[in-house]
Amino acid sequence: MQISGAQMVIEALIAEEVEVVFGYPGGAIMNVYDEIYKQRSFQHILTRHEQAAVHAAEGYAKATGKVGVAMITSGPGFTNGVTGMADAYMDSIPLVVISGQVPMSLIGTDAFQEIDAVGISRPCTKHNYLVTDAADLPRVLKEAFYIARTGRPGPVHVDIPKDVTAQIATFDYSKEVELETYKPTTKGNARQIKKAIEAIASAKRPLLYLGGGIINANAAELVREFSKMTQIPAVETFMARGTLRYDDPLLISMLGMHGSYAANMAMSETDLVIGLGARFDDRVTGKLSEFAKNAQIIHVDIDPASVSKLVHAHFPIVGDVKNVLEQMIPLAKEQIDPARYASWHNTIANFNKLHPLSYTEEGDRLKPQWVVERIGQLLGDDANISTDVGQHQMWTAQFYPFTRPRQWVSSGGLGTMGFGFPAAMGVKRADMERVSINITGDGSILMNIQELMTAVEYELPVINVILNNNFLGMVRQWQTLFYDKRHSSTDLSIQPDFVKLVEAFGGVGYRVTTKEEFDAALKDAVEKNVVAIIDVVVNRFENVLPMVPAGGSLFNMMLEYKEK
């Protein structure tokens with residue numbers, strides 16, 4: 001089939017069964033957008049900023065497990081999208097980002113809206129391409145989708161000069177992808193797995209350390225089966241929330257910088273860490289020399305570069321977590337005695353009793369933790385929860401009652417403010433039946449507030465719950481704790497009227513100061529099924545606790561803060 005490069009892009013997206021593309025047009029990508037106008041196979045959602053287009057694709061990908069697709073133009077269009085690519089790279093989110101580029105003859109001439117897109121995207125994508133011949137497009141696009149979703153998932157960038165999108169060439173999408181230098185190991189080494197099971201069977205205080213790779217591998221059900229069968233307690237990373245149900249008796253909590261006392265102490269006291277799809281991030285480990293220093297480490301991960309990268313693995317297992325668990329479960333049934341860990345369960349129960357994850361109510365003043373809990377009580381499994389970055393994000397990770405994988409969508413590794421709202425739009429597009437909630441702060445929400453227009457236009461009724469403390473809350477917390485209360489450039493007392501703002505875009509706004517007002521606002525927003533902002537006035541100086549100071553040991557947590 002002889003067609004133009006622009007037509008090839010459309011045909012490839014159709015062949016990959018893409019149902020939605022988030023994007024923003026411009027001169028260099030215009031030929032492709034002309035073909036988008038002619039097709040009826042997928043929806044294109046015009047965001048109001050390229051960063052939001054990529055974040056929305058991330059939200060869609062995280063909610064579905066499919067490859068998210070974003071389309072942007074050259075120059076500033078591309079650079080605006082880089083933050084989203086870097087975010088997806090850090091959190092292993094499968095994306096294909098297609099960008100336009102100036103014509104081949106102008107590359108290197110400092111042409112209008114020219115930028116070295118492949119040079120810029122190289123360190124923050126799994127792979128990238130500059131396509132110089134339309135005949136290469138079918139192969140490149142097929143490889144891009146394959147690379148994005150296989151192995152450790154990630155973003156792939158395809159940069160296409162404008163004249164290449166106009167070239168005529170043969171389109172053949174039937175050839176299978178065969179990459180000599182890219183062959184992910186998906187099955188675990190049987191000998192290593194056997195050794196790992198033997199180590200678990202002989203351990204006295206084993207601990208499941210559950211990471212976001214479990215969600216990417218769709219392995220949560222197998223984790224639940226393995227956990228229940230062995231009766232091994234578990235801690236979740238920030239990215240793994242929802243792997244186990246919040247009320248699972250074997251789930252201790254989230255661990256790390258803002259993890260619970262019990263979770264962090266369990267990691268400090270364990271004699272065997274069973275790491276599944278986790279990368280031993282610094283926000284989890286704290287001071288590396290003190291991390292689980294009396295434990296042996298089993299590390300299961302699809303990415304060989306992650307195994308033993310930060311913490312030495314005594315039992316390294318490279319493979320897809322789902323496949324490895326399928327190999328481990330039969331052996332575990334034969335060799336592991338669940339009764340062996342009874343005293344370990346008692347120790348953990350004592351940790352929980354000593355310092356449970358909690359907060360103190362103060363009269364009628366709304367506490368942000370209560371708001372998070374209340375959303376969970378009122379909506380529970382019927383809601384998908386996205387967040388921006390900051391205190392509100394940590395309170396949500398701590399206190400929301402997650403019941404399933406892919407219910408929780410947030411920016412982990414890069415910590416991107418402005419992620420939550422566009423991501424929640426992508427989540428809503430992926431799951432129109434459930435309520436899409438973006439829990440955010442009054443700092444983060446303004447970073448992509450223009451997407452209110454996108455959400456209204458495309459009828460993506462995201463409910464934004466702003467935990468409004470008139471501060472850049474997390475930075476203020478650090479300034480309070482470690483900078484002698486020098487609150488430099490964090491006071492956000494001068495803010496817009498969020499109710500009027502959302503109404504100007506065609507949505508519905510609420511400002512609440514009491515529990516009764518919050519309940520009424522959330523109920524009304526859900527029933528009306530509209531784009532909404534609920535501006536919740538919360539205690540300005542509330543801190544996220546527990547907290548492990550940067551570079552500190554997990555067992556040296558700040559459990560409370562008292563004004564001096």
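The model is predicted, so to speak of local features a pLDDT of at least 70 is needed, side-chain atom pairs count only at pLDDT 80 or more, and totals for chains, interfaces and linings use all residues. Residues are numbered from 1 along each chain as its sequence is written, and side-chain values use heavy atoms, with hydrogens and water left out. The protein chain is divided into domain 1 (2–170), domain 2 (190–354) and domain 3 (368–537), with bounds that come from an automatic or database domain assignment.

**Where domain 1 meets domain 2**

- The C-alpha centres of domain 1 and domain 2 are 37 Å apart.
- In contact terms (heavy atoms within 4.5 Å), 7 residues of domain 1 meet 6 residues of domain 2.
- About 580 Å² is buried between domain 1 and domain 2, and carbon and sulfur atoms give 52% of it; buried area is the accessible area (1.4 Å probe) that two parts lose on being put together, summed over both.
- On the domain 1 side, Met90, Asp91 and Arg152 lose the most area to domain 2, together 60% of what that side buries.
- The interface of domain 1 and domain 2 holds 1 salt bridge, where the term means a side-chain nitrogen of Lys or Arg within 4 Å of a carboxyl oxygen of Asp or Glu.
- Arginine 152 and aspartate 303 form a salt bridge through their side chains, at 2.9 Å from N to O.
- There are also 3 residue pairs in polar contact across the interface of domain 1 and domain 2, both residues at pLDDT 80 or more. A polar contact is a pair of N or O atoms within 3.5 Å; within protein, one must be able to donate a hydrogen and the other to accept it, and residues adjacent in sequence count only if both atoms are side-chain atoms.

**Salt bridges along the chain**

- Side chains of opposite charge can pair when their charged atoms come close.
- The whole structure contains 24 salt bridges.
- One of them joins arginine 149 to glutamate 16, with the closest N and O atoms 3.3 Å apart.
- This pair links distant parts of the chain, 133 residues apart: arginine 149 belongs to helix α6 (residues 137–149), and glutamate 16 to the loop between α1 (5–15) and β2 (20–23). Helices (H or I, at least four residues) and strands (E, at least two) are DSSP runs, numbered from the N terminus.
- Arginine 149 is partly exposed at 44% relative accessibility, whereas glutamate 16 is buried at 16%. Buried means under 20% relative accessible area, exposed over 50%, and partly exposed in between (1.4 Å probe, protein chains only).
- Within helix α2 (residues 30–38), glutamate 35 and lysine 38 sit 3 residues apart, about one turn of the helix, and their side chains form a salt bridge at 3.2 Å, N to O.
- Glutamate 35 is buried at 13% relative accessibility, while lysine 38 is exposed at 54%.

**Two covered sites**

- Serine 74 lies in the loop between β4 (68–72) and α4 (76–90) and is buried, with a relative accessible area of 2%.
- The side chain of serine 74 reaches the backbone oxygen of glutamine 113 at 2.9 Å.
- Not counting residues up to four places away in sequence, serine 74 touches Ala28, Gly100, Gln101, Val102 and Gln113.
- Helix α17 (residues 420–430) is mostly covered, with 10 of its 11 residues buried; among them are Phe421, Met425, Lys428 and Arg429.
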